[in-house]
Amino acid sequence: MLTSVQKEILQTLINLYQNSDSKSIKGEGIAEVMNRNPGTIRNQMQSLRSLGLVKGVPGPRGGYKPTIEAYHTLNISFTDNSANVPIFKNDKKLEDASVAKIEFTSITHPGECEAAIKVLGNIKSLNIGDTVRVGPTPVNNLGLIGTIVGRDDMDNILLLDISTIRSIPKNSVYEIASLDLIYLEPGDSIKYAANLLSSKHIDGAPVITEGVAIGMISLTDIVNALANGRENEEVRDIMTKRLFFINKDTRIATAVYKMYKFGISRLIVVDDEHSPIGVVTRTDLIETITNLKNFPVLGESDLEDDI
């Protein structure tokens with residue numbers, strides 16, 4: 001059974017080791033972080049080495065490294081740095097901290113969901129009352145937003161009152177895109193474009209010629225053209241030439257990020273030869289992420305109750 005001091009030393013060693021690109025950590029560095037005498041650290045390290053939790057690295061660049069057993073003892077998953085989950089405060093990523101574990105403590109009670117997160121690194125800049133964002137996690141793209149309501153400095157654990165939980169499915173864009181490609185040609189009239197978008201109940205379509213996408217036209221483009229007396233012009237005259245493509249095998253999370261970054265509502269889906277095969281829209285993404293297609297159909301009375 002480790003003493004509280006030994007647990008703190010081991011936790012500090014792992015934190016420093018995780019943020020040092022797997023370089024050995026000197027006892028003086030641990031002492032500085034813990035604000036303790038280096039001699040105390042060296043004495044405790046002897047005990048931790050005998051327990052198989054720490055190994056010494058000789059030489060002028062030597063120091064200490066945690067063993068896999070150290071991670072198990074502190075209930076930390078042993079992974080490389082690339083798998084660490086980021087944590088943000090005020091939308092700024094904390095460079096010296098990452099999340100190693102997330103445990104939900106009351107997810108069965110809506111509005112009262114809490115999560116305990118195990119942090120690797122320095123949590124001194126995180127205080128009770130701060131709002132933080134965690135994620136996305138590497139496997140299921142889980143992201144959390146919550147307020148810190150408790151902390152355990154000994155075990156580097158923060159207790160969050162969760163306000164938002166999001167998880168983006170691992171599907172590819174191909175699985176949710178509209179593959180019955182509806183498109184316009186550059187010589188089509190604006191009136192024809194308006195009729196096509198209206199009849200298909202869509203608010204935009206790519207402009208394609210000889211199998212190559214050269215533009216995008218939206219209902220907004222058409223309305224602006226008509227308002228300015230340009231009804232006799234062609235699609236080529238009003239289309240947007242700045243296009244955004246995404247490969248069919250790309251994951252949904254990347255599509256979400258791309259739409260958010262560039263402030264757009266649709267992407268042209270292309271195959272490996274960069275030929276357009278479909279379109280994925282913001283609506284497609286929202287329905288997939290929220291699983292709206294599988295929600296029960298609500299009647300008007302149901303909707304009125306929520307107003």
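In the second largest pocket, the largest share of the lining, 5 residues, is contributed by α1. The model is predicted, so local features require pLDDT of at least 70 and side-chain atom pairs count only at pLDDT 80 or more, while totals for chains, interfaces and linings use all residues. Residues are numbered from 1 along each chain as its sequence is written, and side-chain values use heavy atoms, with hydrogens and water left out. Helices (H or I, at least four residues) and strands (E, at least two) are DSSP runs numbered from the N terminus.

A pocket is defined on a 1 Å grid over the protein atoms alone, as an open set of points where a 1.4 Å probe fits, with protein on both sides within 12 Å along at least five of seven lines; lining residues have an atom within 4 Å of a point. The second largest pocket has a volume of about 400 Å³, a volume being the space filled by probe spheres set on the points, which are joined across faces, edges and corners. Its lining comprises 17 residues, of which Thr12, Asn15, Val33, Lys124 and Asn156 lie nearest the centre. Two or more lining residues come from each of α1 (4–18) and α2 (27–34).

Helix α2 also meets α3 (residues 38–50): their axes come within 8 Å and cross at roughly 120°, where axes are lines fitted to C-alpha atoms over the stretch in contact and angles run from 0 to 180 degrees between N-to-C directions. To this contact (heavy atoms within 4.5 Å), α2 brings Gly27, Glu28, Ile30, Ala31 and Met34, and α3 brings Pro38, Ile41, Arg42 and Met45.

The largest pocket has a volume of about 870 Å³. Among its 23 lining residues, Arg166, Ile168, Val256, Tyr257 and Tyr260 lie nearest the centre. The elements giving two or more residues to this lining are β7 (131–134), β8 (142–152), β9, α9 (252–262) and α10 (282–290). By class, the lining holds 15 nonpolar, 5 polar and 3 charged residues; Ala, Val, Leu, Ile, Met, Phe, Trp, Tyr, Cys and Pro count as nonpolar, Asp, Glu, Lys and Arg as charged, and the others, Gly among them, as polar.

One of the residues nearest the centre of the largest pocket, Ile168, is found in the loop between β9 (157–167) and α5 (173–176). Ile168 has a relative accessible area of 18% and is therefore buried (under 20%, with a 1.4 Å probe and protein chains only). The C-alpha atoms of Ile168 and Leu142, 26 residues apart along the chain, are separated by 6.8 Å.

How values were computed. Buried means under 20% relative accessible area, exposed over 50%, partly exposed in between (1.4 Å probe, protein chains only).
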